[in-house]
Amino acid sequence: MLSEEEKEELKAELVQLEDEITTLRQVLSAKERHLVEIKQKLGMNLMNELKQNFSKSWHDMQTTPAYKKTHETLSHAGQKATAAFSNVGTAISKKFGDMSYSIRHSISMPAMRNSPTFKSFEERVETTVTSLKTKVGGTTHGGGSFEEVLSSAAQASAQSSGGGPRRAEEEELQC
């Protein structure tokens, strides 16, 4: 319990602290206004300050050990991913090369050409070839079956290994 005298002293101290706080707020407000005036005279504005703060923060963040380690780890992961994609690309290219070899040699294999899988593949290729011919050349000349396309490809392949200038002439005639 506080005596009346202690209560009066505390009330007086409270009023004095409130007055000091009010005075300090007024002084702070005046100093903030003065600061804005000086910045305006120097050509400093909010945008420049934000840029400077952002640049400083970005620099500070880049110098942290956590950022350096993360950057190093991601760079290493990127290099690994690039190498993996390169390997996948090489494997796919090799697979396509193997497929073109097997397709050229499958022309002479009637049993395989009559299988449902090959027929489905043949239909898809015919549709694609027809579509491409339509888009590239306007109209198709008789449609051209898959067998004709394969024969044409085999002939072109044989001629490309046999004679250079004649192949160019034949391609011009086909178009």
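Which residues does UniProt place in the feature "coiled-coil region"? In the unreviewed UniProt entry, this feature is placed at residues 7-34, and the predicted model examined here shows that stretch of the chain as 100% helix and 0% strand.

Helix α1 runs over residues 4-42 and comprises 39 residues. From its first C-alpha to its last, α1 reaches 57 Å, which is close to the 57 Å expected at 1.5 Å a residue. Just after α1, a positive phi of about 80° is taken by Gly-43.

Leu-42, which has its place in helix α1, has a relative accessible area of 62% and is therefore classed as exposed, the cut-off being over 50%. Together with Ile-38 and Met-44, Leu-42 makes a nonpolar surface patch of about 280 Å².

The structure also holds one aromatic pair, which is formed by Trp-58 and Tyr-67. A pair of aromatic rings is described by the distance of the centres and the angle of the planes. For Trp-58 and Tyr-67, the centres are 6.2 Å apart and the angle between the planes is 70°, an arrangement that is edge-to-face. With regard to accessibility, Trp-58 counts as partly exposed because its relative accessibility is 41%, and Tyr-67, at 25% relative accessibility, likewise counts as partly exposed.

How values were computed: Residues are numbered from 1 along each chain as its sequence is written. This is a predicted model: local features need pLDDT of at least 70, side-chain atom pairs count only at pLDDT 80 or more; totals for chains, interfaces and linings use all residues. Side-chain values use heavy atoms; hydrogens and water are left out. Patches are made of residues with over 30% relative accessible area and no salt bridge: like charges are joined within 9 Å, nonpolar side chains (Val, Leu, Ile, Met, Phe, Trp, Tyr) within 5 Å. Accessible areas come from the Shrake-Rupley method with a 1.4 Å probe; for residues, only the protein chains shown count as cover. A salt bridge is a side-chain nitrogen of Lys or Arg within 4 Å of a carboxyl oxygen of Asp or Glu. Helices (H or I, at least four residues) and strands (E, at least two) are DSSP runs, numbered from the N terminus. Buried means under 20% relative accessible area, exposed over 50%, partly exposed in between (1.4 Å probe, protein chains only). Rings of Phe, Tyr and Trp (its six-membered ring) pair if their centres lie within 6.5 Å; planes under 30 degrees apart count as stacked, over 60 as edge-to-face and the rest as tilted. UniProt positions are given in the numbering used here, feature names are shortened, and annotations may be inferred rather than shown by experiment. The expected span of a helix is 1.5 Å times one less than its number of residues.
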